[in-house]
Amino acid sequence: MRLIEAKGGSGTPWEDPVGVATVSAVVHDLELDVELAERHRCGDIRAFNEVYARFEEMVYNLAFRLSGNYEEAADLTQEIFLRIYRHLGSFGGRSSLKTWIFRIAVNHCRDRLSRWRPLTQPLGDDPSEGEVAYADPSRGPEELAVAADE
């Protein structure tokens, strides 16, 4: 079996300098994440602003993908960052800050979007402009079909 030599060449692909740089960047990001959480815990407002600047777009895009609505995504993003603000001090660095925030965002969106929302019915008997008439749940399917034909 012949190994392909990496440029700069030790002969083993796992000793490629690019791989080392990648691991170094991940360690650096994790150190920065823990530092931001520690600064937030100590009361540094700028720490949260940095977290918001780094992850606002990711959180909004995720909220929009899950909700399918721009306004709902904006509301979800605000609620998610409020939750992040409250709990950032408890971030322990067991994962990256991006992963931690992503899980908070997914869990919050699923929780909020999974709540059953009852349909509202207009107050008047006749639907006026812009209102939708809902079927009477006490009537059976045959009665509804006959009423629709009339």
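A contact here means that heavy atoms lie within 4.5 Å. With that in hand, let us walk through this predicted model.

**Overall fold**

The protein has 5 helices and 0 strands, and its elements follow the pattern α-α-α-α-α along the sequence. Of its 150 residues, 23% are buried. The accessible surface comes to about 11,300 Å², and carbon and sulfur atoms contribute 54% of that area. Among contacts with a separation of 6 or more, 53% join residues 24 or more positions apart.

**A look at His40**

Where does His40 lie? It belongs to helix α1, which covers residues 17–41. Leaving aside residues up to four places away in sequence, His40 touches Ala47, Phe48, Tyr85, Leu88 and Gly89. Take Tyr85 from that list: His40 and Tyr85 are 45 residues apart in sequence, yet their C-alpha atoms are 8.5 Å apart in space.

**Burial and the cysteines**

Is His40 buried or exposed? His40 counts as buried because its relative accessibility is 13%, and buried means under 20%.

| Residue | Relative accessibility | Class |
|---|---|---|
| His40 | 13% | buried |
| Cys42 | 61% | exposed |
| Cys109 | 0% | buried |

Cys42 counts as exposed because its relative accessibility is 61%, and the cut-off for exposed is over 50%. Cys109, at 0%, is buried.

How many disulfides does the model contain? A disulfide requires a pair of cysteine sulfur atoms within 2.5 Å, and by this rule the count is 0.

Methods:
Residues are numbered from 1 along each chain as its sequence is written. This is a predicted model: local features need pLDDT of at least 70, side-chain atom pairs count only at pLDDT 80 or more; totals for chains, interfaces and linings use all residues. Side-chain values use heavy atoms; hydrogens and water are left out. Buried means under 20% relative accessible area, exposed over 50%, partly exposed in between (1.4 Å probe, protein chains only). Helices (H or I, at least four residues) and strands (E, at least two) are DSSP runs, numbered from the N terminus. Accessible areas come from the Shrake-Rupley method with a 1.4 Å probe; for residues, only the protein chains shown count as cover.
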